[in-house]
Amino acid sequence: MNGSLLDGSFQPPKGCRLRMRIALTICSLEAGGAERVLSGMANYWADTNNHSVAVITLSGAKSDWYPLHPKVERRGLDLLAQAGGISDALTNNLRRVWHLRRYLKQFRPDVVISFIEKTNILTLLACAGQKVPVIVSERADPREKPIDPVWHRLRTWTYAHADAIVVQSSSLQEWASKFAGAKVVHVVPNPIRPLMANTALSRSRNRTVIAMGRLTRQKGFDLLLAAFAQCRKRYPEWRLMILGEGEERHELEALSTRLGLQEYVRFPGLVKTPEDELCRADLFVLSSRWEGFPNALLEAMACGLPVVATNCLTGPADIISDGKDGVLVAPNDVGALAMAMSRLMGEEAVRQELGRRAPEVLNRFNQQAVMVMWEQLLDGVQLGRSNQTRIRA
């Protein structure tokens, strides 16, 4: 059964919502988009519903970046030891499956929701033979982010046993449907954090371009630096700020120096309240080579920023109406990115009009609306399991 919760094609029966014990699994709660969404889901259910919620990570809890509601049960397995070879990798993963299975038996969930491919696989293995439904969620475009052959085969085998597969874009439904036996495939977007809905929308006119995300190749910050270098020839008063941390920090700083931008580009690292910086900026740029459903873009638009985004296969086009509330450009095209940035840097009236319309994303992607989609999916999965049980009986 395929369907999109965004277009209303899946409507579960009314009145079937019950109090649930929900376990959410992910590798860690370090800074990142998937981690932000999962922690937000846990907090929402703990705060506004009568559900019991547990968050389980393969990492320990000391690395947590996102706070959890006091009612959320937190379990960090602290099992992310690095493998020295194939034998170590196999042993480590078997240990993770065993500990995850043991904890889930203790918590006795009515449903398990897992984020990110490797944790999804381990979670499905840990739940094998149990009567608990499992929902797995891909958080990036798997066509652009391949995994090694062993994990790929495991994903193909285990995903067929998932009660539902969640993707973030309708363009990924066909990809997810290929897993033989997959019962349900649904599209559920990321929600905008509630705080963003209350953020002041005034610009300080600092002539600042801002970007945000992990400092990795995926986010294309090298492309952004090259495009900004072209723009600065015409608009020397502008500055660039890139929020985030990651393994490419030194390479990006070195590239900034080679391009003569060291005095005009800042890398502040991770910040707890990025909305403060978004409100002080004049233009947001998403330069990603690929995406899932970019939180940073949603948050920038919720803050009333005009935005330029690369039109990668998934994500931006589901959020932006090109020319109305933002600008889409071809991915991996420095010239096109520089041209779009340059135009907005030079036309304040256009920036203001795009920024005025940008917060309309709150109507589509506010947290309550997205969590209703998750609740509907939980109801449908629970109902499907109940029907299967009655049929077997």
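**View 1. Phe107 is buried, with a relative accessible area of 3%**. Here, buried means under 20% relative accessible area, exposed means over 50%, and partly exposed lies in between (1.4 Å probe, protein chains only). This is a predicted model, in which local features need pLDDT of at least 70 and side-chain atom pairs count only at pLDDT 80 or more, while totals for chains, interfaces and linings use all residues. Residues are numbered from 1 along each chain as its sequence is written, and side-chain values use heavy atoms, with hydrogens and water left out.

**View 2. Tyr103 and Phe107 are stacked**. The structure holds 3 aromatic pairs. In this one, the ring centres of Tyr103 and Phe107 are 6.3 Å apart and the planes meet at 15°, so the pair counts as stacked. Rings of Phe, Tyr and Trp (its six-membered ring) pair if their centres lie within 6.5 Å; planes under 30 degrees apart are stacked, over 60 edge-to-face, and the rest tilted. Both residues belong to helix H2 (residues 86-107), and because they are 4 residues apart, about one helical turn separates Tyr103 from Phe107. Helices (H or I, at least four residues) and strands (E, at least two) are DSSP runs, numbered from the N terminus. Tyr103 is buried too, at 2% relative accessibility.

View 3. Phe293 is buried at a relative accessible area of 3%, and Phe365 is buried at 4%.

**View 4. Glu35 lies in helix H1 (residues 33-48)**. Glu35 is buried, at 6% relative accessibility. Beyond its neighbours within four places in sequence, its contacts (heavy atoms within 4.5 Å) include Tyr66, Ile116 and Arg214. H1 itself is mostly covered, with 12 of its 16 residues buried, among them Trp45 and Tyr44.
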